[in-house]
Amino acid sequence: MDESTGRERGQPQGKRKQPRKVSPRYLENAALHYLKRYSATVSQLKTVLMRRVDRSLRFHGGERTEALGWVNALVEKLVRNGLVNDQAYAETKAHSLRASGRSARVIAQKLKLKGVAREVVEQKVAEASAEVSEEEAARIWARKKRLGPFRRDLKTRPDNRQRDLAAMARAGFSFAMAKKIIDGSADEPPHLS
């Protein structure tokens, strides 16, 4: 492969690699390859596979409904075999996002965008919030982003207060929580709920 252009040597410039024709075996191999690299929800995996199906159908032709049946059967098989598990995905994602200082609102939004069911989202966000409170998460976020009491130059803190409050709001924290963290001190212990 030519590293400067990102295509195979000898491949004409501007010509894309032709997609393979979809079959149940091809889709299974593609799904397993994807799942080796990424943890995914049912919705995400279906999206990835349907993208491949659509690309193949545009080039080779064929019936989308037949391919959709193959995708659905494959995903059901992978769920049965435990290779795709929305509950496990949501739990892992919620806990890692919370530990990195994300608000409950942002965690819920990210999980919903990945196609996780609302009830599962609520349950996993509650579990993650039981381990790391909203205030602890807000402090972690403020420290990571060097907001408020965590600024390098504390003299600029009053001048940047509104900007810091806005950053906390964009991160999904309530105004009261943002104000508490931004106006607090860096060594203040979190209050247990």
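Arg146 sits in the loop between helix 7 and helix 8 of what is a predicted model. Although Arg146 is not a glycine, its phi is positive, at about 55°, and the residue comes directly after helix 7. With a relative accessible area of 39%, Arg146 is partly exposed.

Of the 193 residues in the chain, 35% are buried. Among contacts with a separation of 6 or more, 66% are accounted for by residues 24 or more positions apart.

Helix 7, which Arg146 follows, runs over residues 134–145 and reaches 16 Å from its first C-alpha to its last, close to the 16 Å expected for its 12 residues.

Helix 6 can be described in a similar way. Its 14 residues should span 20 Å at 1.5 Å a residue, and its end C-alpha atoms are 20 Å apart, which agrees. Which residues of helix 6 are buried? They are Val120, Val121, Lys124, Val125 and Ala128, and because they cover an arc of only 125° around the axis, they lie on the same side of the helix. In general, an α-helix has 3.6 residues a turn, so residues three or four places apart point the same way. The face turned away from the buried side of helix 6 carries the exposed residues Glu119 and Ala130, whereas the buried residues pack against helix 4 and helix 5.

Lys124, which has its place in helix 6, is a charged residue on this buried side. Why does Lys124 count as buried? Its relative accessibility is 5%, and because the cut-off for buried is under 20%, Lys124 falls within that class. Leaving aside neighbours within four places in sequence, Lys124 is in contact with Gln87, Ala90, Glu91 and Ala94.

The packing of helix 6 against helix 5 can be set out in detail. Two packed helices are described by the angle between their axes and the distance between the axes. The axes of helix 5 (residues 104–113) and helix 6 (residues 118–131) come within 10 Å and cross at roughly 145°, and helix 5 passes helix 6 in a right-handed crossing. Helix 5 contributes Ala104, Ile107, Ala108, Leu111 and Lys112 to the contact, while helix 6 contributes Val121, Val125 and Ser129. By class, the contact has six nonpolar, one polar and one charged residues. Val121 and Val125, both part of this contact, are also among the buried residues of helix 6.

Elsewhere in the chain, Glu66 lies in helix 3 (residues 64–80). Glu66 and Ser23 are 43 residues apart in sequence, yet their C-alpha atoms are 9.8 Å apart in space.

| Residue | Relative accessible area | Class |
|---|---|---|
| Lys124 | 5% | buried |
| Arg146 | 39% | partly exposed |
| Glu66 | 45% | partly exposed |

Terms used
Residues are numbered from 1 along each chain as its sequence is written. This is a predicted model: local features need pLDDT of at least 70, side-chain atom pairs count only at pLDDT 80 or more; totals for chains, interfaces and linings use all residues. Side-chain values use heavy atoms; hydrogens and water are left out. Helices (H or I, at least four residues) and strands (E, at least two) are DSSP runs, numbered from the N terminus. The expected span of a helix is 1.5 Å times one less than its number of residues. Axes are lines fitted to C-alpha atoms, for helices over the stretch in contact, and angles run from 0 to 180 degrees between N-to-C directions. A crossing is left-handed if the near helix is turned anticlockwise from the far one by less than a right angle, and right-handed if clockwise. Contact means heavy atoms within 4.5 Å. Buried means under 20% relative accessible area, exposed over 50%, partly exposed in between (1.4 Å probe, protein chains only). The arc is that of the directions from the helix axis to the C-beta atoms.
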